[in-house]
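These entries record what I looked up in one model, topic by topic.

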Amino acid sequence: EPEVIDTSSFVNSQVLSVDCDWLVGVTLSELGSEVHIAGFKDDSTRSEGFADLFDRVVSINGTRVHSIQDVRNAREFAGRKGVPVIAQIERSPYGSRNMCPAGDRGWIYLERFCSMIK
């Protein structure tokens with residue numbers, strides 16, 4: 001019996017519902033028992049604005065996703081049955097991202113230098 005989840009439990013985050021076909025245009029990665037969006041295969045997929053890097057694929061049709069294989073199985077099942085498959089994607093719960101490139105963050109090197117001196 002698949003584990004069915006209630007997405008209303010994601011209080012402090014935004015959950016998006018997208019057609020599972022959209023996931024073809026993204027690169028997924030597994031981190032423990034979570035599936036994250038690790039990249040976009042082309043700019044058109046990213047410009048659609050459904051999700052961003054590091055967002056999590058939480059469930060597909062209400063069934064929790066634990067691996068990339070779960071996503072593949074759901075897409076194949078939908079293809080055979082001709083039913084729509086909706087993926088629930090939770091916005092990255094890791095706070096705001098620092099969009100400044102690492103090379104432009106000189107204070108990091110100063111902080112590391114001070115740590116070495118201590």
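**Entry 1. Terms and model.** I call a residue buried under 20% relative accessible area, exposed over 50%, and partly exposed in between. I note at the outset that this is a predicted model. With that cut-off in hand I looked up Glu 34, which has a relative accessible area of 26% and is therefore partly exposed.

**Entry 2. Overall layout.** I counted the secondary structure of the chain as three helices and six strands. Read from the N terminus, the elements follow the order β-β-β-α-β-β-α-β-α. The chain has 118 residues, and 31% of them are buried. I found an accessible surface of about 7,900 Å² for the chain, with 53% of that area belonging to carbon and sulfur atoms. Of the contacts with a separation of 6 or more, 63% are between residues 24 or more positions apart.

**Entry 3. Salt bridges.** How many salt bridges does the structure hold? I found three. As background, side chains of opposite charge can pair when their charged atoms come close.

Arg 56 has a relative accessible area of 15%, so I recorded Arg 56 as buried.

I then turned to Glu 90, which also forms a salt bridge with Arg 56, with the closest N and O atoms 2.1 Å apart. Because Glu 90 lies in strand β6 and Arg 56 in strand β4, the pair ties together parts that are 34 residues apart in sequence. Both Glu 90 and Arg 56 are buried. Through shared partners, the salt bridges join Glu 34, Arg 56 and Glu 90 into one network.

The remaining entry on this topic concerns Arg 91 and Asp 55, which form a salt bridge with the closest N and O atoms 3.5 Å apart. Here too the pair links distant parts of the chain: Arg 91 is in the loop between β6 (86–90) and α3, and Asp 55 is in the loop between α1 (43–47) and β4, 36 residues apart. Is Asp 55 buried or exposed? I recorded Asp 55 as buried, because its relative accessibility is 0%. Arg 91, at a relative accessible area of 25%, is partly exposed.

**Entry 4. Nonpolar core.** The largest nonpolar core has 20 residues, and those touching the most other members are Trp 22, Leu 23, Leu 28, Ile 37, Val 57, Ile 60 and Ile 89. I listed β2 (26–31), β3, β4, α2 (68–81) and β6 as the elements that give two or more residues to this core. Which element gives the largest share of this core? I found that α2 does, with four residues.

I examined Val 57 further. Setting aside neighbours within four places in sequence, Val 57 is in contact with residues including Leu 23, Leu 28, Val 35, Val 65 and Val 71. Gln 88 and Ile 89 are also among these contacts of Val 57.

**Entry 5. Strand β1.** I noted that strand β1 (residues 15–19) has a covered face made of Leu 16 and Val 18. Its uncovered face holds Val 15, Ser 17 and Asp 19. Strands β1 and β6 run antiparallel and are joined by five bridges. Asp 19 has Ile 86 as its bridge partner in β6.

**Entry 6. Surface patch.** Leu 110, Phe 113, Met 116 and Ile 117 form a nonpolar patch on the surface, and together they have about 470 Å² of accessible area. Leu 110 is located in helix α3 (residues 106–117). I recorded Leu 110 as exposed, because its relative accessible area is 52%.

**Entry 7. Backbone angles.** Most residues other than glycine have a negative phi. Phe 54 lies in the loop between α1 and β4, and its 43% relative accessibility makes it partly exposed. Asn 61 is likewise not a glycine and has a positive phi of about 50°. I placed Asn 61 in the loop between β4 and β5 (63–64); at 46% relative accessibility, Asn 61 counts as partly exposed.

Key
Residues numbered from 1 in each chain as written. Predicted model: local features only at pLDDT ≥ 70, side-chain atom pairs only at ≥ 80, totals over all residues. Heavy atoms only, no water. Patch = residues over 30% accessible without salt bridge, like charges linked within 9 Å, V, L, I, M, F, W, Y side chains within 5 Å. Areas by Shrake-Rupley, 256 points an atom, 1.4 Å probe, with all protein chains shown as cover. Salt bridge = Lys/Arg side-chain N within 4 Å of Asp/Glu carboxyl O. Buried < 20%, exposed > 50% of the residue type's maximum accessible area, 1.4 Å probe, protein only. Contact = heavy atoms within 4.5 Å. Pairing = 2+ DSSP bridges. Core = buried A, V, L, I, M, F, W, Y, C linked by side-chain atoms within 4.5 Å.
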